[in-house]
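Thanks, everyone. Let me put the sequence and the model up, and then I'll walk through it.

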Amino acid sequence: MSSPNADRLYELLPAVHRLRDADRGYPLRALLQVISEQVNIVDADIAQLYENWFVETCQDWVVPYIGDLVGYTPLFDIGEPSAVQKARALARERILIPRREVANTVRFRRRKGTVAILEDLATAVAGWPGRAVEFYRLLSFT
């Protein structure tokens with residue numbers, strides 16, 4: 001048994017099939033262990049794909065793609081995100097396309113059109129606290 005979940009498919013079989021398999025020397029169990037290894041690989045891949053949906057938990061190579069989806073423009077033109085897994089290329093993308101800025105872009109786009117976002121944008125852009133007031137409520141007209 002190569003992993004703790006190697007027999008998870010075998011345990012789903014009805015007891016009658018497991019008894020017949022035991023009589024024959026467990027060939028079905030061996031086959032299901034091989035299949036179960038591949039199922040575990042696919043499960044891990046699906047779990048990682050789910051983590052890559054969110055900018056907070058995604059792998060570093062996914063951040064430029066999420067930034068492109070939400071319309072984030074980096075300060076420096078670095079070209080297309082690299083598919084190379086070299087440490088230097090990954091460090092370059094990590095510096096030039098910061099995860100925090102992409103996350104802020106997602107957050108700002110979700111709250112677009114609200115008064116609170118104007119205050120947050122003033123703080124993010126200028127570094128100073130800002131206050132936005134809706135004057136429409138204070139407006140009087142005839």
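Start at tyrosine 65. Tyrosine 65 is partly exposed, with a relative accessible area of 39%. For the terms: buried means under 20% relative accessible area, exposed means over 50%, and partly exposed is in between, with a 1.4 Å probe and protein chains only. Keep in mind that this is a predicted model, where local features need pLDDT of at least 70, side-chain atom pairs count only at pLDDT 80 or more, and totals for chains, interfaces and linings use all residues. Residues are numbered from 1 along each chain as its sequence is written, and side-chain values use heavy atoms, with hydrogens and water left out.

Which ring does tyrosine 65 pair with? The search of the whole structure gives two aromatic pairs. Rings of Phe, Tyr and Trp (its six-membered ring) pair if their centres lie within 6.5 Å; planes under 30 degrees apart are stacked, over 60 edge-to-face, and the rest tilted. Tyrosine 65 pairs edge-to-face with tryptophan 61, at 6.2 Å centre to centre and 75° between the planes. Tryptophan 61 is partly exposed, at 36% relative accessibility.

Now tyrosine 50 and phenylalanine 54. Their ring centres are 5.4 Å apart and their planes stand at 75°, so this pair is edge-to-face. Phenylalanine 54 is partly exposed, at 36% relative accessibility.

One more ring, tyrosine 26. The charged end of arginine 29 sits over this ring, 5.5 Å from its centre. The criterion: NZ of Lys or CZ of Arg within 6 Å of the ring centre and within 35 degrees of the ring normal.

Step back to the whole chain. The protein chain has six helices and zero strands. Read along the sequence, the pattern is α-α-α-α-α-α. Helices (H or I, at least four residues) and strands (E, at least two) are DSSP runs, numbered from the N terminus.

How much of the chain is buried? Buried residues make up 21% of the 142 residues. The accessible surface comes to about 11,200 Å², and 61% of that belongs to carbon and sulfur atoms. Those areas come from the Shrake-Rupley method with a 1.4 Å probe; for residues, only the protein chains shown count as cover. Next, contacts, meaning heavy atoms within 4.5 Å. Among contacts between residues at least 6 apart in sequence, 43% join residues at least 24 apart.

Leucine 31 lies in helix H2, residues 27-51. Leucine 31 is partly exposed, with a relative accessible area of 47%.

On to charges. The whole structure holds six salt bridges. Each is a side-chain nitrogen of Lys or Arg within 4 Å of a carboxyl oxygen of Asp or Glu.

Take arginine 107 and aspartate 120. Their side chains meet in a salt bridge, 4.0 Å from N to O. This pair links distant parts of the chain: arginine 107 is in helix H5 (residues 99-110), aspartate 120 is in helix H6 (residues 115-126), and they are 13 residues apart. Arginine 107 is partly exposed at 35% relative accessible area, and aspartate 120 is partly exposed at 26%.

Aspartate 120 has another partner. It forms a salt bridge with arginine 111, with the closest N and O atoms 2.7 Å apart. Arginine 111 is partly exposed, at 26% relative accessibility.

Next, glutamate 119 and arginine 131. Their salt bridge spans 3.0 Å, N to O. This pair also links distant parts of the chain: glutamate 119 is in helix H6, arginine 131 is in the segment after H6, and they are 12 residues apart. Arginine 131 is exposed, at 69% relative accessibility. Shared partners, meanwhile, join Arg107, Arg111 and Asp120 into one salt-bridge network.

The C-alpha atoms of arginine 131 and alanine 116 are separated by 8.6 Å, at 15 residues apart along the chain. What does glycine 130 touch, leaving aside neighbours within four places in sequence? Glycine 130 is in contact with Glu119, Ala122 and Thr123. Glycine 130 is partly exposed, at 28% relative accessibility.
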